[in-house]
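Good morning, and thank you for coming. Please look at the sequence and the structure as they are shown, and keep them in view while I speak.

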Amino acid sequence: MKKHIFIFWLLVLMGTTSLSAQTKVVAHRGYWDTEGSAQNSLTALRKAAEVGCWGSEFDVWMTADGEMVVFHDTTLGEGYDRPIVEMTAAEVCAHTLSNGERVPTLAEYLGEGLKYPDLHLVLELKPHPTQAQEAEAVAKCVQMVEQMGLAERTDYISFSLAACREFHRLAPYAKVFYLNNNLSPKELKAEGFAGPDYHFAIYELHPRWLSQSRRLGLETNVWTVNAESVMRKFIRKGVDYLTTNRPEEALRLTQK
Ligand code: MG
């Protein structure tokens with residue numbers, strides 16, 4: 001009997017230790033807060049790979065002429081009066097990022113991703129004005145990822161529930177994480193998604209969502225964690241993925 005109790009606690013201990021050791025670091029918009037880099041640039045993707053991130057996240061829009069481009073905001077910024085979805089890809093890709101690179105197309109971005117076979121790609125599709133646009137955008141993303149041979153290391157994320165459903169329908173083998181903070185682990189499981197990818201404050205509001213997700217066999221991702229104290233907390237809680245603008249700091253903490 002004593003032996004069984006000892007083995008039980010040993011397993012619990014091993015489980016706890018390995019959970020915290022398993023938190024994977026995802027660079028938010030690539031590793032951009034470092035010299036020569038910029039958000040969603042090819043350099044940011046490369047730097048995420050170079051420092052040893054598990055994955056690199058990036059944001060995707062579909063332009064008015066049906067091309068996929070990588071950029072975060074709805075518009076390109078000052079001096080642009082139309083949103084990206086109303087511009088042509090040529091217009092969008094003529095824009096220069098803060099590090100001198102041009103806005104990349106998704107094809108260029110995935111092409112860069114091919115160079116780093118250990119890096120996972122976390123593709124965020126931004127919510128588009130209509131569901132028809134989103135459905136077309138999802139289909140184009142999945143097709144491009146599959147054609148480039150990146151299906152096994154690409155996860156899909158979105159704030160749009162419709163887009164997440166479409167990703168899951170077209171790529172049922174892939175992990176789809178929902179970003180919009182408002183579905184419980186049970187609801188995410190029912191959708192067939194991989195799990196929540198929520199803001200860290202949401203896990204404070206719903207302190208049981210991490211453990212509930214785990215019990216349901218879901219994975220958990222937290223964004224965007226930049227303060228060391230918050231990083232430590234979620235690593236200790238055994239979150240599966242931590243999305244951050246400070247990947248080197250997060251990597252140091254996960255490797256301790
Ligand atoms: Mg994003």
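The structure holds twelve salt bridges, a salt bridge being a side-chain nitrogen of Lys or Arg within 4 Å of a carboxyl oxygen of Asp or Glu. This is a predicted model, in which local features need pLDDT of at least 70 and side-chain atom pairs count only at pLDDT 80 or more, while totals for chains, interfaces and linings use all residues. Residues are numbered from 1 along each chain as its sequence is written, and side-chain values use heavy atoms, with hydrogens and water left out.

Let me begin with helix H2. Helices (H or I, at least four residues) and strands (E, at least two) are DSSP runs, numbered from the N terminus. Arg-46 and Glu-50 form a salt bridge whose closest N and O atoms are 3.1 Å apart. Why are these two separated by about one helical turn? They are four residues apart in helix H2, and therefore about one turn lies between them.

How accessible are the two partners? Here, buried means under 20% relative accessible area, exposed over 50%, and partly exposed in between (1.4 Å probe, protein chains only). Arg-46 counts as partly exposed because its relative accessibility is 28%, whereas Glu-50, at 52%, is exposed.

A second pair lies in helix H6. Glu-166 and Arg-169 meet through their side chains in a salt bridge of 2.8 Å, N to O. They are three residues apart, about one turn of the helix. Glu-166 counts as buried because its relative accessibility is 17%, while Arg-169 is exposed at 56%.

Finally, Asp-59, Glu-124 and Lys-126 are linked in a network of salt bridges.

Of its 14 lining residues, the closest to the centre are His-28, Glu-57, Glu-124, Phe-159 and Trp-223. A pocket is found on a 1 Å grid over the protein atoms alone, as an open set of points where a 1.4 Å probe fits, with protein on both sides within 12 Å along at least five of seven lines; lining residues have an atom within 4 Å of a point.

I turn now to packing. In H2 (residues 42-50), the buried residues are Thr-43, Ala-44, Leu-45, Lys-47 and Ala-48. Their cover includes strands S1 (24-27) and S2 (55-62), helix H4 (106-113) and strand S4 (120-125), where contact means heavy atoms within 4.5 Å. Just after H2, Gly-52 takes a positive phi of about 95°.

Which residues of H4 are buried? They are Leu-106, Tyr-109, Leu-110, Glu-112 and Gly-113. These lie on the same side of H4 because they cover an arc of only 155° around the axis, the arc being that of the directions from the helix axis to the C-beta atoms. They pack against H2, S2, strand S3 (68-70), S4 and helix H5 (131-147).
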